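Please keep the sequence and the model side by side while reading. The paragraphs below move from a sheet to its helices, and then to loops and a ligand site.

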Amino acid sequence: MHTPPFDIAAVRRDFPILQLPIERPVAFLDSASSSQKPEAVIAAQAAYYRTTNANVHRGVYQLSEQATYEFERARGRVALFIHAHSAREIVFTRNTTEAINLVAHSWGGTNLSAGDVILLSQMEHHSNIVPWQLLAQRTGAILRAIPIDSSGRLILDDLDTLLKGVKLVAVTHQSNVLGTINPVHYLASKAHAVGALILVDGAQSVPHMPTDVQALGIDFLAFSGHKMLAPTGVGVLWGRKALLDAMPPFMGGGSMIKTVTIEVSTYADVPARFEAGTPMIGEAIALGHAIDYLNGIGMAKIAAYEETLGHYLLDQLAEVAGVTVYGPPIGPERAAMASFTVDCAHPHDVAQVLDSEGVAVRAGHHCTQPLHAALDIPSTARASCYLYNTTHDIDRLVDGLRKVKTLFA
Ligand code: C6P
(Lines give C-alpha, C1' and ligand atoms only; values in the text may rest on other atoms or scores of the structure.)
Protein backbone atom coordinates (compact mmCIF):
# COMPACT_ATOMS: atom_id res chain seq x y z
CA MET A 1 0.00 0.00 0.00
CA HIS A 2 1.13 3.60 -0.69
CA THR A 3 2.26 5.78 2.20
CA PRO A 4 -0.88 7.43 3.66
CA PRO A 5 -1.20 11.12 2.69
CA PHE A 6 -1.53 12.06 6.38
CA ASP A 7 -0.19 10.82 9.71
CA ILE A 8 -2.51 7.89 10.29
CA ALA A 9 -0.97 6.99 13.69
CA ALA A 10 -1.63 10.53 14.92
CA VAL A 11 -5.19 10.38 13.59
CA ARG A 12 -5.80 7.10 15.42
CA ARG A 13 -4.53 8.61 18.67
CA ASP A 14 -7.23 11.31 18.32
CA PHE A 15 -10.00 8.68 18.65
CA PRO A 16 -10.30 7.49 22.27
CA ILE A 17 -12.44 4.47 21.38
CA LEU A 18 -9.78 3.09 19.03
CA GLN A 19 -7.46 2.67 22.03
CA LEU A 20 -9.96 0.38 23.82
CA PRO A 21 -9.77 -2.21 25.18
CA ILE A 22 -6.07 -1.65 25.82
CA GLU A 23 -5.03 -5.30 25.33
CA ARG A 24 -6.81 -5.59 21.97
CA PRO A 25 -8.24 -2.39 20.48
CA VAL A 26 -11.28 -2.85 18.28
CA ALA A 27 -10.82 -3.13 14.52
CA PHE A 28 -13.75 -0.83 13.80
CA LEU A 29 -15.09 -1.53 10.31
CA ASP A 30 -18.61 -0.18 10.70
CA SER A 31 -18.24 3.54 9.99
CA ALA A 32 -20.91 3.38 7.28
CA SER A 33 -23.31 2.82 10.14
CA SER A 34 -21.87 5.49 12.45
CA SER A 35 -18.34 6.84 12.69
CA GLN A 36 -16.17 7.14 15.76
CA LYS A 37 -15.56 10.59 17.25
CA PRO A 38 -12.23 12.36 17.79
CA GLU A 39 -11.38 13.91 21.15
CA ALA A 40 -11.71 17.42 19.63
CA VAL A 41 -15.38 16.79 18.82
CA ILE A 42 -16.16 15.14 22.16
CA ALA A 43 -14.43 18.05 23.92
CA ALA A 44 -16.29 20.67 21.86
CA GLN A 45 -19.65 19.23 22.84
CA ALA A 46 -18.62 18.98 26.50
CA ALA A 47 -17.24 22.54 26.39
CA TYR A 48 -20.58 23.82 25.17
CA TYR A 49 -22.33 22.25 28.17
CA ARG A 50 -19.57 23.41 30.55
CA THR A 51 -19.18 26.99 29.38
CA THR A 52 -21.89 28.13 26.97
CA ASN A 53 -25.05 26.15 27.69
CA ALA A 54 -28.19 28.19 26.98
CA ASN A 55 -31.00 28.14 24.46
CA VAL A 56 -30.37 29.79 21.09
CA HIS A 57 -32.23 32.62 19.34
CA ARG A 58 -34.13 33.44 22.54
CA GLY A 59 -32.14 35.10 25.31
CA VAL A 60 -30.64 38.58 25.31
CA TYR A 61 -28.17 37.56 28.02
CA GLN A 62 -24.54 36.79 27.27
CA LEU A 63 -24.64 32.98 27.52
CA SER A 64 -27.53 32.71 25.11
CA GLU A 65 -25.88 35.08 22.68
CA GLN A 66 -22.67 33.08 22.83
CA ALA A 67 -24.59 29.80 22.27
CA THR A 68 -26.40 31.40 19.32
CA TYR A 69 -23.12 32.66 17.89
CA GLU A 70 -21.52 29.20 18.08
CA PHE A 71 -24.60 27.44 16.72
CA GLU A 72 -24.78 29.80 13.74
CA ARG A 73 -21.02 29.59 13.22
CA ALA A 74 -21.45 25.80 12.88
CA ARG A 75 -24.10 26.42 10.22
CA GLY A 76 -21.60 28.60 8.38
CA ARG A 77 -18.95 25.86 8.52
CA VAL A 78 -21.41 23.34 7.08
CA ALA A 79 -22.24 25.77 4.26
CA LEU A 80 -18.57 26.23 3.36
CA PHE A 81 -17.91 22.48 3.60
CA ILE A 82 -20.40 21.69 0.83
CA HIS A 83 -19.96 24.95 -1.11
CA ALA A 84 -23.46 26.26 -0.40
CA HIS A 85 -24.02 29.86 -1.48
CA SER A 86 -25.08 30.87 2.01
CA ALA A 87 -25.56 29.55 5.54
CA ARG A 88 -29.26 30.26 5.11
CA GLU A 89 -29.43 27.29 2.77
CA ILE A 90 -28.45 24.99 5.65
CA VAL A 91 -31.27 23.48 7.71
CA PHE A 92 -30.27 21.51 10.79
CA THR A 93 -32.28 18.29 11.09
CA ARG A 94 -31.84 15.24 13.31
CA ASN A 95 -30.31 13.17 10.51
CA THR A 96 -30.50 12.28 6.82
CA THR A 97 -33.84 10.57 7.36
CA GLU A 98 -35.45 13.71 8.76
CA ALA A 99 -33.94 15.86 6.01
CA ILE A 100 -35.48 13.67 3.30
CA ASN A 101 -38.83 13.53 5.11
CA LEU A 102 -38.75 17.33 5.31
CA VAL A 103 -38.42 17.65 1.52
CA ALA A 104 -40.99 14.92 0.86
CA HIS A 105 -43.51 16.53 3.18
CA SER A 106 -42.91 20.18 2.39
CA TRP A 107 -41.71 20.34 -1.24
CA GLY A 108 -43.44 17.13 -2.30
CA GLY A 109 -46.73 17.95 -0.60
CA THR A 110 -46.84 21.28 -2.44
CA ASN A 111 -45.45 20.38 -5.84
CA LEU A 112 -46.56 16.83 -6.60
CA SER A 113 -49.97 15.56 -7.54
CA ALA A 114 -51.57 12.37 -8.84
CA GLY A 115 -49.62 10.80 -11.68
CA ASP A 116 -46.36 12.73 -11.09
CA VAL A 117 -43.38 10.42 -10.94
CA ILE A 118 -40.60 10.27 -8.34
CA LEU A 119 -37.58 8.45 -9.75
CA LEU A 120 -35.50 6.55 -7.17
CA SER A 121 -32.96 3.78 -7.67
CA GLN A 122 -32.92 0.12 -6.73
CA MET A 123 -30.01 0.74 -4.34
CA GLU A 124 -31.69 3.33 -2.09
CA HIS A 125 -31.64 3.16 1.67
CA HIS A 126 -35.14 2.87 3.16
CA SER A 127 -34.75 6.52 4.23
CA ASN A 128 -34.88 7.49 0.57
CA ILE A 129 -37.79 5.20 -0.27
CA VAL A 130 -40.34 5.22 2.54
CA PRO A 131 -40.79 9.04 2.79
CA TRP A 132 -41.62 9.04 -0.94
CA GLN A 133 -44.05 6.14 -0.49
CA LEU A 134 -45.82 8.09 2.26
CA LEU A 135 -45.96 11.09 -0.06
CA ALA A 136 -47.24 8.94 -2.93
CA GLN A 137 -50.00 7.59 -0.70
CA ARG A 138 -51.07 11.15 0.14
CA THR A 139 -50.82 12.64 -3.35
CA GLY A 140 -51.26 9.81 -5.85
CA ALA A 141 -47.70 10.32 -7.11
CA ILE A 142 -45.95 7.26 -8.56
CA LEU A 143 -42.58 5.75 -7.61
CA ARG A 144 -40.22 4.32 -10.21
CA ALA A 145 -36.70 2.96 -9.71
CA ILE A 146 -33.57 2.92 -11.88
CA PRO A 147 -32.46 -0.74 -11.97
CA ILE A 148 -28.92 -1.95 -11.23
CA ASP A 149 -26.70 -4.36 -13.14
CA SER A 150 -24.91 -7.40 -11.75
CA SER A 151 -21.87 -5.31 -10.79
CA GLY A 152 -24.03 -2.98 -8.70
CA ARG A 153 -24.06 0.03 -11.02
CA LEU A 154 -27.15 1.92 -12.13
CA ILE A 155 -28.40 0.87 -15.58
CA LEU A 156 -28.77 4.21 -17.33
CA ASP A 157 -29.40 3.04 -20.92
CA ASP A 158 -33.15 3.64 -20.57
CA LEU A 159 -32.87 6.76 -18.45
CA ASP A 160 -34.74 8.95 -20.94
CA THR A 161 -37.69 6.57 -20.81
CA LEU A 162 -37.48 6.30 -17.03
CA LEU A 163 -37.55 10.10 -16.79
CA LYS A 164 -40.94 10.43 -18.50
CA GLY A 165 -43.35 12.26 -16.17
CA VAL A 166 -40.67 12.64 -13.48
CA LYS A 167 -40.87 15.67 -11.17
CA LEU A 168 -38.16 14.59 -8.74
CA VAL A 169 -35.13 12.31 -8.93
CA ALA A 170 -34.08 11.11 -5.46
CA VAL A 171 -30.86 9.09 -5.47
CA THR A 172 -28.03 8.17 -3.21
CA HIS A 173 -24.59 9.54 -4.06
CA GLN A 174 -22.95 6.45 -2.59
CA SER A 175 -24.60 3.13 -1.85
CA ASN A 176 -24.31 2.04 1.77
CA VAL A 177 -24.09 -1.59 0.67
CA LEU A 178 -22.36 -1.78 -2.70
CA GLY A 179 -20.12 1.24 -2.22
CA THR A 180 -21.16 2.33 -5.72
CA ILE A 181 -20.57 6.04 -6.31
CA ASN A 182 -23.32 7.23 -8.62
CA PRO A 183 -22.90 9.79 -11.46
CA VAL A 184 -24.89 12.46 -9.66
CA HIS A 185 -23.80 15.30 -11.92
CA TYR A 186 -25.03 13.41 -14.98
CA LEU A 187 -28.29 12.48 -13.27
CA ALA A 188 -28.79 16.13 -12.26
CA SER A 189 -28.36 17.35 -15.82
CA LYS A 190 -30.75 14.69 -17.14
CA ALA A 191 -33.32 15.52 -14.44
CA HIS A 192 -33.13 19.23 -15.16
CA ALA A 193 -33.46 18.62 -18.89
CA VAL A 194 -36.98 17.25 -18.26
CA GLY A 195 -37.84 19.98 -15.74
CA ALA A 196 -37.39 17.74 -12.70
CA LEU A 197 -35.45 18.48 -9.51
CA ILE A 198 -32.87 16.19 -7.92
CA LEU A 199 -32.41 15.34 -4.26
CA VAL A 200 -29.20 13.56 -3.34
CA ASP A 201 -28.83 11.33 -0.30
CA GLY A 202 -25.30 12.21 0.80
CA ALA A 203 -25.29 10.14 4.00
CA GLN A 204 -22.43 7.97 2.74
CA SER A 205 -20.66 10.40 0.41
CA VAL A 206 -20.32 13.66 2.34
CA PRO A 207 -18.19 12.06 5.10
CA HIS A 208 -15.75 10.54 2.61
CA MET A 209 -15.16 12.87 -0.34
CA PRO A 210 -15.06 16.58 -1.17
CA THR A 211 -18.64 17.78 -1.78
CA ASP A 212 -19.52 20.75 -3.95
CA VAL A 213 -23.25 21.16 -4.41
CA GLN A 214 -22.69 23.77 -7.14
CA ALA A 215 -20.41 21.51 -9.17
CA LEU A 216 -22.79 18.58 -8.72
CA GLY A 217 -25.62 20.79 -10.01
CA ILE A 218 -28.14 19.33 -7.55
CA ASP A 219 -31.14 20.89 -5.77
CA PHE A 220 -31.26 19.20 -2.35
CA LEU A 221 -28.63 17.32 -0.33
CA ALA A 222 -29.29 15.36 2.87
CA PHE A 223 -26.62 14.01 5.24
CA SER A 224 -25.99 12.99 8.85
CA GLY A 225 -23.44 14.34 11.33
CA HIS A 226 -22.92 11.03 13.09
CA LYS A 227 -21.35 9.40 10.02
CA MET A 228 -18.77 12.21 9.73
CA LEU A 229 -17.20 12.28 13.21
CA ALA A 230 -19.98 14.37 14.82
CA PRO A 231 -22.46 13.26 17.49
CA THR A 232 -25.79 11.61 16.76
CA GLY A 233 -28.83 13.89 16.69
CA VAL A 234 -27.65 16.39 14.08
CA GLY A 235 -28.08 16.18 10.34
CA VAL A 236 -28.32 18.60 7.46
CA LEU A 237 -30.65 19.49 4.66
CA TRP A 238 -29.13 21.76 2.06
CA GLY A 239 -31.47 23.19 -0.56
CA ARG A 240 -31.24 25.94 -3.15
CA LYS A 241 -32.43 29.10 -1.44
CA ALA A 242 -35.24 29.83 -3.91
CA LEU A 243 -36.62 26.32 -3.40
CA LEU A 244 -36.44 26.52 0.39
CA ASP A 245 -38.01 29.99 0.35
CA ALA A 246 -41.02 28.63 -1.53
CA MET A 247 -41.53 25.63 0.77
CA PRO A 248 -44.11 25.58 3.60
CA PRO A 249 -43.11 24.49 7.14
CA PHE A 250 -42.56 20.83 7.95
CA MET A 251 -43.32 21.02 11.66
CA GLY A 252 -44.95 23.79 13.66
CA GLY A 253 -43.87 25.25 17.00
CA GLY A 254 -41.57 27.80 18.58
CA SER A 255 -38.81 29.52 16.59
CA MET A 256 -40.33 28.89 13.17
CA ILE A 257 -42.88 31.71 13.27
CA LYS A 258 -43.08 35.47 12.70
CA THR A 259 -46.52 36.02 14.25
CA VAL A 260 -49.05 33.74 15.94
CA THR A 261 -52.70 34.25 16.81
CA ILE A 262 -55.00 31.49 17.96
CA GLU A 263 -56.34 31.20 14.42
CA VAL A 264 -53.35 31.66 12.19
CA SER A 265 -49.57 32.13 12.04
CA THR A 266 -47.02 33.59 9.68
CA TYR A 267 -43.71 31.84 9.31
CA ALA A 268 -40.09 32.78 9.76
CA ASP A 269 -37.66 32.95 6.88
CA VAL A 270 -35.51 29.92 6.10
CA PRO A 271 -33.78 28.15 7.69
CA ALA A 272 -35.67 29.00 10.93
CA ARG A 273 -38.97 28.06 9.22
CA PHE A 274 -37.81 24.43 9.21
CA GLU A 275 -36.29 24.34 12.71
CA ALA A 276 -39.29 24.21 15.03
CA GLY A 277 -38.53 23.94 18.74
CA THR A 278 -35.21 23.95 20.58
CA PRO A 279 -32.58 22.53 18.23
CA MET A 280 -29.66 20.16 18.90
CA ILE A 281 -27.34 22.98 19.95
CA GLY A 282 -24.34 21.11 21.38
CA GLU A 283 -24.49 18.53 18.59
CA ALA A 284 -24.53 21.17 15.85
CA ILE A 285 -21.61 23.00 17.45
CA ALA A 286 -19.75 19.69 17.63
CA LEU A 287 -20.55 19.08 13.94
CA GLY A 288 -18.78 22.35 13.19
CA HIS A 289 -15.73 20.99 15.01
CA ALA A 290 -15.98 17.66 13.16
CA ILE A 291 -15.84 19.64 9.91
CA ASP A 292 -12.78 21.53 11.19
CA TYR A 293 -11.16 18.17 11.96
CA LEU A 294 -11.92 16.76 8.50
CA ASN A 295 -10.75 19.98 6.83
CA GLY A 296 -7.59 19.88 8.92
CA ILE A 297 -6.67 16.65 7.16
CA GLY A 298 -8.30 17.53 3.85
CA MET A 299 -11.21 15.72 2.21
CA ALA A 300 -9.22 15.01 -0.96
CA LYS A 301 -6.52 13.30 1.13
CA ILE A 302 -9.14 11.32 3.04
CA ALA A 303 -10.73 10.19 -0.24
CA ALA A 304 -7.32 9.23 -1.68
CA TYR A 305 -6.38 7.26 1.45
CA GLU A 306 -9.72 5.47 1.48
CA GLU A 307 -9.29 4.50 -2.15
CA THR A 308 -6.03 2.71 -1.34
CA LEU A 309 -7.66 1.08 1.69
CA GLY A 310 -10.53 -0.01 -0.56
CA HIS A 311 -8.11 -1.65 -2.97
CA TYR A 312 -6.49 -3.50 -0.12
CA LEU A 313 -9.85 -4.55 1.32
CA LEU A 314 -11.11 -6.00 -1.96
CA ASP A 315 -7.75 -7.66 -2.77
CA GLN A 316 -7.61 -9.34 0.62
CA LEU A 317 -11.23 -10.50 0.54
CA ALA A 318 -10.60 -12.01 -2.90
CA GLU A 319 -7.99 -14.24 -1.23
CA VAL A 320 -10.53 -15.90 1.07
CA ALA A 321 -12.20 -18.85 -0.64
CA GLY A 322 -15.98 -18.85 -0.44
CA VAL A 323 -16.32 -15.09 0.09
CA THR A 324 -18.49 -13.25 -2.46
CA VAL A 325 -18.21 -9.46 -2.53
CA TYR A 326 -20.96 -7.34 -4.07
CA GLY A 327 -20.55 -4.06 -5.95
CA PRO A 328 -18.25 -2.62 -8.62
CA PRO A 329 -14.45 -2.89 -8.64
CA ILE A 330 -12.55 -0.35 -6.55
CA GLY A 331 -11.87 2.97 -8.27
CA PRO A 332 -13.63 6.28 -8.77
CA GLU A 333 -16.97 4.44 -8.84
CA ARG A 334 -16.45 2.46 -5.62
CA ALA A 335 -15.99 3.44 -1.98
CA ALA A 336 -13.89 1.64 0.64
CA MET A 337 -16.53 -0.74 1.83
CA ALA A 338 -17.45 -4.31 1.05
CA SER A 339 -20.69 -6.15 1.61
CA PHE A 340 -20.12 -9.87 1.30
CA THR A 341 -21.40 -13.33 1.98
CA VAL A 342 -19.44 -16.39 3.10
CA ASP A 343 -20.54 -19.67 1.52
CA CYS A 344 -20.65 -21.67 4.77
CA ALA A 345 -22.12 -19.20 7.29
CA HIS A 346 -25.00 -16.77 7.74
CA PRO A 347 -23.93 -13.09 7.79
CA HIS A 348 -25.01 -12.76 11.43
CA ASP A 349 -22.81 -15.71 12.40
CA VAL A 350 -19.97 -14.16 10.41
CA ALA A 351 -20.37 -10.88 12.29
CA GLN A 352 -20.53 -12.69 15.63
CA VAL A 353 -17.34 -14.68 15.02
CA LEU A 354 -15.62 -11.49 13.85
CA ASP A 355 -16.79 -9.74 17.00
CA SER A 356 -15.21 -12.48 19.09
CA GLU A 357 -11.96 -11.53 17.32
CA GLY A 358 -12.45 -7.83 18.09
CA VAL A 359 -13.55 -6.94 14.56
CA ALA A 360 -16.73 -4.83 14.30
CA VAL A 361 -18.74 -5.24 11.09
CA ARG A 362 -22.46 -4.92 10.39
CA ALA A 363 -24.69 -7.77 9.22
CA GLY A 364 -28.24 -7.71 7.86
CA HIS A 365 -30.04 -5.97 5.02
CA HIS A 366 -28.58 -2.57 5.99
CA CYS A 367 -31.99 -0.91 5.48
CA THR A 368 -31.89 -1.79 1.77
CA GLN A 369 -34.40 -4.60 1.30
CA PRO A 370 -35.17 -3.74 -2.36
CA LEU A 371 -31.44 -3.86 -3.15
CA HIS A 372 -31.00 -7.20 -1.43
CA ALA A 373 -34.06 -8.49 -3.30
CA ALA A 374 -32.41 -7.41 -6.59
CA LEU A 375 -29.22 -9.21 -5.56
CA ASP A 376 -31.38 -12.20 -4.58
CA ILE A 377 -29.83 -12.52 -1.14
CA PRO A 378 -31.52 -11.93 2.22
CA SER A 379 -28.56 -10.27 3.91
CA THR A 380 -24.84 -9.55 3.83
CA ALA A 381 -21.99 -8.79 6.20
CA ARG A 382 -20.43 -5.38 5.59
CA ALA A 383 -16.98 -3.96 6.35
CA SER A 384 -16.67 -0.21 5.87
CA CYS A 385 -13.58 1.96 6.28
CA TYR A 386 -12.91 5.53 7.33
CA LEU A 387 -9.87 7.75 7.73
CA TYR A 388 -8.74 6.03 10.94
CA ASN A 389 -8.67 2.47 9.55
CA THR A 390 -5.47 0.72 8.54
CA THR A 391 -4.47 -2.35 6.57
CA HIS A 392 -3.99 -4.00 9.97
CA ASP A 393 -7.76 -3.70 10.61
CA ILE A 394 -8.37 -5.38 7.26
CA ASP A 395 -5.83 -8.12 8.05
CA ARG A 396 -7.73 -8.79 11.27
CA LEU A 397 -10.98 -8.99 9.27
CA VAL A 398 -9.45 -11.53 6.92
CA ASP A 399 -7.99 -13.59 9.79
CA GLY A 400 -11.45 -13.56 11.36
CA LEU A 401 -13.01 -14.78 8.12
CA ARG A 402 -10.52 -17.64 8.01
CA LYS A 403 -11.71 -18.56 11.50
CA VAL A 404 -15.32 -18.46 10.23
CA LYS A 405 -14.27 -20.91 7.50
CA THR A 406 -12.71 -23.34 9.96
CA LEU A 407 -15.68 -23.13 12.36
CA PHE A 408 -18.49 -23.52 9.81
CA ALA A 409 -17.00 -25.37 6.82
N1 C6P B 1 -27.16 3.95 6.92
C2 C6P B 1 -25.95 1.98 7.55
O3 C6P B 1 -25.49 1.19 8.39
P4 C6P B 1 -29.69 8.29 9.34
O5 C6P B 1 -30.10 7.06 10.07
O6 C6P B 1 -30.88 9.19 9.07
O7 C6P B 1 -28.53 9.00 9.95
O8 C6P B 1 -29.14 7.82 7.91
C9 C6P B 1 -29.99 7.12 7.06
C10 C6P B 1 -29.27 6.73 5.81
C11 C6P B 1 -29.68 7.28 4.62
N12 C6P B 1 -29.04 7.01 3.48
C13 C6P B 1 -27.99 6.19 3.43
C14 C6P B 1 -27.30 5.95 2.13
C15 C6P B 1 -27.53 5.59 4.61
O16 C6P B 1 -26.49 4.77 4.55
C17 C6P B 1 -28.20 5.85 5.83
C18 C6P B 1 -27.78 5.18 7.10
C19 C6P B 1 -26.64 3.23 8.05
O20 C6P B 1 -25.84 1.79 6.34
C21 C6P B 1 -27.64 2.92 9.10
S22 C6P B 1 -29.01 1.98 8.50
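**A walk through the model**

V323 stands opposite V342 in β12, where strands are DSSP runs of E of at least two residues, helices are runs of H or I of at least four residues, and both are numbered from the N terminus. This is a predicted model, in which local features need pLDDT of at least 70 and side-chain atom pairs count only at pLDDT 80 or more, whereas totals for chains, interfaces and linings use all residues. Residues are numbered from 1 along each chain as its sequence is written, and side-chain values use heavy atoms, with hydrogens and water left out.

The strand β12 covers residues 337-342 and pairs with β11 in the antiparallel sense over four bridges; two strands are said to pair if DSSP finds at least two bridges between them. In general, strands of a sheet pair through backbone hydrogen bonds, either parallel or antiparallel. Here the two strands belong to an open sheet of four strands, in the order β11-β12-β15-β14, with antiparallel pairing. At its edges are β11 (323-326) and β14 (362-364), each of which pairs on one side only. From one strand to the next, the twist averages 30 degrees.

Two helices pack on this sheet. Helix α12 (residues 347-356) touches β12, β14 and β15 (380-384), and its direction makes about 160 degrees with that of β14; contact means heavy atoms within 4.5 Å, and the angles run from 0 to 180 degrees between N-to-C directions, with axes fitted to C-alpha atoms, for helices over the stretch in contact. Helix α14 (residues 391-408) touches β11, β12 and β15, and its direction makes about 10 degrees with that of β12.

Elsewhere in the chain, what length should one expect for helix α3? At 1.5 Å a residue, the 20 residues of α3 (residues 62-81) should span 28 Å, and the end C-alpha atoms are 28 Å apart, which agrees; the expected span is 1.5 Å times one less than the number of residues. After α3 comes H83, whose phi is positive, near 65 degrees.

At 1.5 Å a residue, its 14 residues should span 20 Å, and the end C-alpha atoms of α2 are 19 Å apart, which agrees. The buried residues of α2 are V41, A44, Q45, Y48 and T52, and what covers them includes α3 and α10.

The loops hold several backbone features. A cis peptide bond joins L20 and P21, with omega about -20 degrees, and P21 has its place in the loop between α1 (8-13) and β1 (27-28). The peptide bond from V270 to P271 is also cis, with omega near 0 degrees, and P271 lies in the loop between β10 (265-267) and α10. In the loop between β14 and α13 (369-375) is H366, which has a positive phi of about 55 degrees although it is not a glycine. Is H366 buried or exposed? H366 counts as buried because its relative accessibility is 0%. C367, in the loop between β14 and α13, has a positive phi of about 60 degrees and is not a glycine either; C367 is partly exposed, with a relative accessible area of 24%.

Another loop residue, S255, lies between α9 (241-245) and β9 (257-260) and, at 30% relative accessibility, counts as partly exposed. Not counting residues up to four places away in sequence, S255 touches R58, A268, A272, E275 and G277. The side chains of S255 and R58 are joined by a polar contact of 2.8 Å, a polar contact being a pair of N or O atoms within 3.5 Å, where within protein one must be able to donate a hydrogen and the other to accept it, and residues adjacent in sequence count only if both atoms are side-chain atoms.

The last stop is the ligand. Which of the 18 residues around the ligand come nearest? They are T97, D201, Q204, S224 and R362, and a residue is near a molecule if one of its heavy atoms lies within 4 Å of it. An oxygen atom of the ligand is 2.6 Å from an N or O atom in the side chain of Q204. For S224, an N or O atom of the side chain is 2.7 Å from an oxygen atom of the ligand, and for the side chain of H226 the distance from an N or O atom to a ligand oxygen is 2.7 Å.

Key: Buried means under 20% relative accessible area, exposed over 50%, partly exposed in between (1.4 Å probe, protein chains only).
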